[in-house]
Amino acid sequence: MHFFRIRLILALVVGVTLVSVASTYIEVLAHTYVLRQELKRRTAWQSKSLQIAMEKSLAAGQAADTVAEAVRLRAQNEALGLAVYDLQGKLVTAAGPAGIFGTLPRGPMDKALQQGADSSIFGQQDNQQWLEEVTPLYADGRMAGAMVILEDANAIHAEGVVLWWHSFWHTAAFVLLIVCVTLSMVRWFLMRPMMVVTDRLRRLRMGQPAEDADDNLEGMSLFAPLAREVESMAESLILARAAAESEARLRDAGEHQWTAERLAANIRERFGSSRIFLLSNREPYMHVLQGKETVCMVPPSGLVTALEPVLRACDGVWVAHGSGSEDALNVDKFDRLRVPPDDPRYTLRRVWLSKEEEAGYYDGFANEGLWPLCHIAHTRPIFRASDWEWYQRVNEKFAAALLEEMEGSAHPIVFVQDYHFALVPRLIKAARPDARVAIFWHIPWPNAEAFGICPWQARLLDGLLGADLIGFHIPLHCNNFLSTVDRVLEARTDREHMTARRDGHTSAVRPYPVSVAFDGSKPERKTPAPSRDELLKEFGLRCETLIVGVDRMDYTKGIIERLMAVEKLIEEHPYYLERLTMVQIAAPSRSRIPSYIELNRKVKETVERINQRYQTAQWKPILLIERQCSHAEVDLWYRAASVCLVTSLHDGMNLVAKEYVAAHDDEDGVLVLSKFTGAATELLDALIVNPYDIEGVAEAIHQALEMDLDERRKRMQRMRHHVMDHNIYRWAASILGDLRELRMESSGTTDPIHAQPLSSAPTE
Ligand code: G6P
């Protein structure tokens with residue numbers, strides 16, 4: 001940098017000086033020329049005025065007197081001298097510097113005498129410069145000699161010298177000014193942005209987040225495009241480095257660990273040309289209005305959290321309900337779009353539902369019927385025949401869309417999701433026997449007695465048994481399902497091989513505990529995490545310890561029980577007054593359904609009651625954030641919270657528990673987890689609680705807050721290892737791998753006799 005500056009200064013000095021010297025030289029030449037012309041004109045005029053007097057004096061033989069007088073009279077001016085010559089050019093008389101007259105060159109004299117015309121020339125001797133003006137003299141009409149006037153020309157030279165000096169000082173000042181201005185410009189417009197870019201790139205290289213991502217780029221418009229390019233290149237390099245590291249880790253961990261890359265490679269290798277088609281009710285991206293702007297948001301759904309990374313890895317087609325208000329404006333003519341919008345990896349096909357269809361199939365049968373039926377949370381299921389009608393029609397509608405997407409794909413893989421589509425496997429299998437069909441039931445399957453409440457249980461089971469593979473989170477749900485089949489249908493179930501056979505088709509029933517996209521690598525975080533105080537500042541609150549709960553506003557999540565447990569904790573341990581705050585993020589959900597409206601009201605009421613009981617000016621025991629937060633926002637709360645509370649009354653898996661564990665790369669933090677979640681069968685280092693036992697939950701929170709660092713670390717490390725080993729990539733690889741391994745009968749049904757042992761059944 002220093003060397004660059006010196007070279008820049010030198011180049012500027014030399015360049016500006018050369019230009020200035022050349023222009024001064026031309027200026028001096030021009031000025032000298034003008035002065036000389038002026039002197040010549042003056043001298044010629046004087047010569048003419050002397051000529052007549054001199055001719056008379058010459059004729060009268062008094063030339064010497066006239067010459068002497070003329071010189072005396074003009075001595076005050078520049079005149080150096082005056083002389084008269086005869087026709088031969090010999091000096092007749094002279095006044096002034098006689099030495100000079102003797103040495104004058106003959107040229108101008110001869111020219112004047114020969115041509116009878118004036119002639120002039122500049123001459124110089126030692127320090128003296130002059131103008132010699134020769135004028136022929138006449139007597140009686142004939143040439144009689146010549147008069148020579150010498151005019152002092154030293155002033156012209158002196159002026160030239162002054163001009164050079166002026167120019168020197170000008171040039172010096174000019175060079176100084178240009179160097180200063182240029183250096184300042186280089187500093188402000190080049191060096192500073194360059195330093196900012198360099199700093200950003202250095203931070204990127206070292207894996208540190210940029211301070212305020214785009215703000216810094218604003219001030220350096222010249223470099224911003226370049227910086228962005230280089231940054232995205234650096235980010236790709238970082239990703240490549242992370243992939244290489246995880247590759248190395250994978251090699252180190254043998255065949256154990258699954259990553260997005262490994263899943264993608266595995267799917268390509270296993271499925272070759274077979275494409276994957278996924279069906280769910282909830283879409284992974286919704287276009288909605290926010291103010292006047294359309295934004296694309298990810299809805300709060302455990303299913304979406306789990307499946308999005310899988311689709312990204314295998315570029316399949318995801319068919320789902322287009323439920324966003326602006327969805328229809330953001331699809332092509334086939335109702336498709338590529339997602340994620342900022343990095344398209346797979347196709348989303350949106351299916352439209354009318355208000356009636358949504359009310360009957362989604363609000364009614366799925367969420368007022370099947371949801372409370374499958375969750376033992378003491379909310380009574382409501383089954384209406386009209387809802388059941390809509391449910392069947394909508395299942396047919398989605399199956400038709402799926403079949404449309406599958407057209408032209410040989411041996412497609414169809415992966416149906418959840419309780420919204422129990423009838424779809426049978427519909428697909430009937431139309432496309434060559435398809436391999438799996439369905440994953442993301443919610444619990446209750447025991448046979450409980451399921452028996454549903455008037456259409458046989459139809460639902462029959463629809464499900466159209467699938468080649470039926471997945472649940474835990475073995476208990478598989479067993480409950482097989483018992484229900486046994487009890488309701490004419491079917492043969494095999495507990496040893498976990499299959500159910502009906503009408504010549506066998507379905508395998510397997511547990512696959514769903515998970516999150518955590519492969520052990522540190523997530524890319526663009527900004528440094530705000531502290532707990534910074535997060536709370538927005539709400540005008542302060543506390544020493546934060547606990548967090550993140551849920552959809554759903555009665556199965558045990559939100560009220562959790563709030564009461566926090567109240568109990570403060571009651572029993574007043575030490576936590578003004579010290580402990582629980583942040584409950586509750587994303588609005590299914591808000592047209594009465595039981596959800598009622599829950600919403602109760603939660604608010606409970607929060608207000610507890611807060612009013614304890615709150616002070618800058619502290620509240622409970623902070624309720626009633627909106628959907630992005631994954632990035634939730635991640636900040638997870639990391640700031642010392643304890644995470646998951647108190648579901650019943651939950652198939654619960655991914656919040658796993659997300660909290662994955663977020664804590666500081667290996668600190670305690671998870672308090674309901675025993676009625678699927679996650680409790682895996683995360684054995686959580687503090688397992690019964691959410692109905694309010695005192696017990698309060699005590700568990702207290703225990704979590706009191707736990708020493710060493711113990712917290714050990715527990716968190718073990719849970720992180722488990723989630724890393726049993727991540728969503730392993731989940732997808734297991735289900736899809738097993739589906740691939742099932743031997744198909746020629747009719748398209750699975751061969752019960754030759755059903756293969758499943759390749760990579762999970763450990764649970
Ligand atoms: C559960 C279900 C998902 C559902 C999610 C959100 O996780 O298993 O299928 O998408 O809740 O509910 P919503 O009704 O908003 O899709």
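Me: How many bridges join strand β14 to strand β17?
Reply: In this predicted model, strand β14 covers residues 469-472 and strand β17 covers residues 505-511. The two strands run parallel. One of the pairs across them links Ile470 with Val509 of β17. The number of bridges joining β14 to β17 is four.

Me: Which strands stand at the edges of the open sheet, each with a single partner strand?
Reply: The open sheet is formed by 10 strands with mixed pairing, in the order β10-β11-β9-β6-β12-β13-β14-β17-β16-β15. A strand with a single partner has one side left without a neighbour in the sheet, so the edges are held by β10 (336-339) and β15 (492-494).

Me: What angle does the direction of helix α12 make with that of β13?
Reply: Helix α12 (residues 424-431) packs on the sheet. Its contacts there are with β6, β12, β13, β16 and β17. Relative to the direction of β13, the direction of α12 makes an angle of about 175°.

Me: Is Val670 buried or exposed?
Reply: Val670 lies in strand β22, which spans residues 670-674. Beyond its neighbours within four places in sequence, Val670 is in contact with residues including Tyr660, Leu687 and Met707. Because its relative accessible area is 2%, and the cut-off is under 20%, Val670 is classed as buried.

Me: How far apart do the C-alpha centres of domain 1 and domain 3 lie?
Reply: Domain 1 comprises residues 2-158, and domain 3 comprises residues 532-726. Domain 2 is made up of 264-354 + 392-516. The separation between the C-alpha centres of domain 1 and domain 3 is 108 Å.

Key: Residues numbered from 1 in each chain as written. Predicted model: local features only at pLDDT ≥ 70, side-chain atom pairs only at ≥ 80, totals over all residues. Heavy atoms only, no water. Domains from an automatic or database assignment. Buried < 20%, exposed > 50% of the residue type's maximum accessible area, 1.4 Å probe, protein only. Contact = heavy atoms within 4.5 Å. Pairing = 2+ DSSP bridges. Axes fitted to C-alpha atoms, helices over the stretch in contact; angles between N-to-C directions.
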